[in-house]
Amino acid sequence: MRNFPDIAISRTDLHRLTLLLNKVDQSTEVAIGLTEELERATLLSGEILPDTVIGMNSRVTFQNLDTGKVFKKELVFPHEIDSSTDKISILTPAGAAMLGLSVGSEIEWLLSNGKILKIGILKVERKVRTA
């Protein structure tokens, strides 16, 4: 049995992600994994997550714990993906795995090539929304 780190999500993210999951093939590995993440997450009563928790549209600085390489990506919905390489969709294994993690959390998962990727969350920044 795998140990998963504690995760938290806002009511807004839960609502929007539930709507998204209702529109996609729920039999895919990523959709199943995201559903499991949502089911085990602690639901926060407020609409906004603490600054240290990864929610949708958060900019996340994380480190590959094997190589030491640091990355910065924004966790987004699939329709927000564009040609930039600084975004990661919630409907990717890495995106789904990051949701709800906190600064200091570490997680690992099996990649399609059979290798295990281990990352540590270094920093979370909120994207400022404009009206």
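**Strands, core and one glutamate**

Student: What kind of model is this?
Tutor: It is a predicted model.

Student: OK. In which sense do strand 3 and strand 4 pair?
Tutor: Antiparallel, over five bridges. Strand 3 covers residues 58-64 and strand 4 covers residues 70-76. Within that pairing, Arg59 has Glu74 of strand 4 as its bridge partner.

Student: How many residues lie between them in the hairpin?
Tutor: Five residues. Gly68, in the turn, has a positive phi of about 85 degrees.

Student: And how does strand 4 run relative to strand 5?
Tutor: Parallel, with three bridges joining strand 4 to strand 5, residues 87-89. Leu75 is bridged to Ile88 in strand 5.

Student: Switching to the inside. Which residues touch the most other members of the largest nonpolar core?
Tutor: Leu17, Leu34, Ile54, Ile90, Leu99 and Ile121, out of 28 residues in that core. Elements that each supply at least two of its residues include helix 1 (11-23), helix 2 (29-40) and strand 7 (116-126). Helix 3 gives the largest share, four residues.

Student: What is Leu34 in contact with, leaving aside neighbours within four places in sequence?
Tutor: Leu17, Leu21, Ile90, Leu91, Ala96 and Leu99.

Student: Last one, Glu108. Where is that?
Tutor: Glu108 sits in strand 6.

Methods
Residues numbered from 1 in each chain as written. Predicted model: local features only at pLDDT ≥ 70, side-chain atom pairs only at ≥ 80, totals over all residues. Heavy atoms only, no water. Pairing = 2+ DSSP bridges. Core = buried A, V, L, I, M, F, W, Y, C linked by side-chain atoms within 4.5 Å. Buried < 20%, exposed > 50% of the residue type's maximum accessible area, 1.4 Å probe, protein only. Contact = heavy atoms within 4.5 Å.
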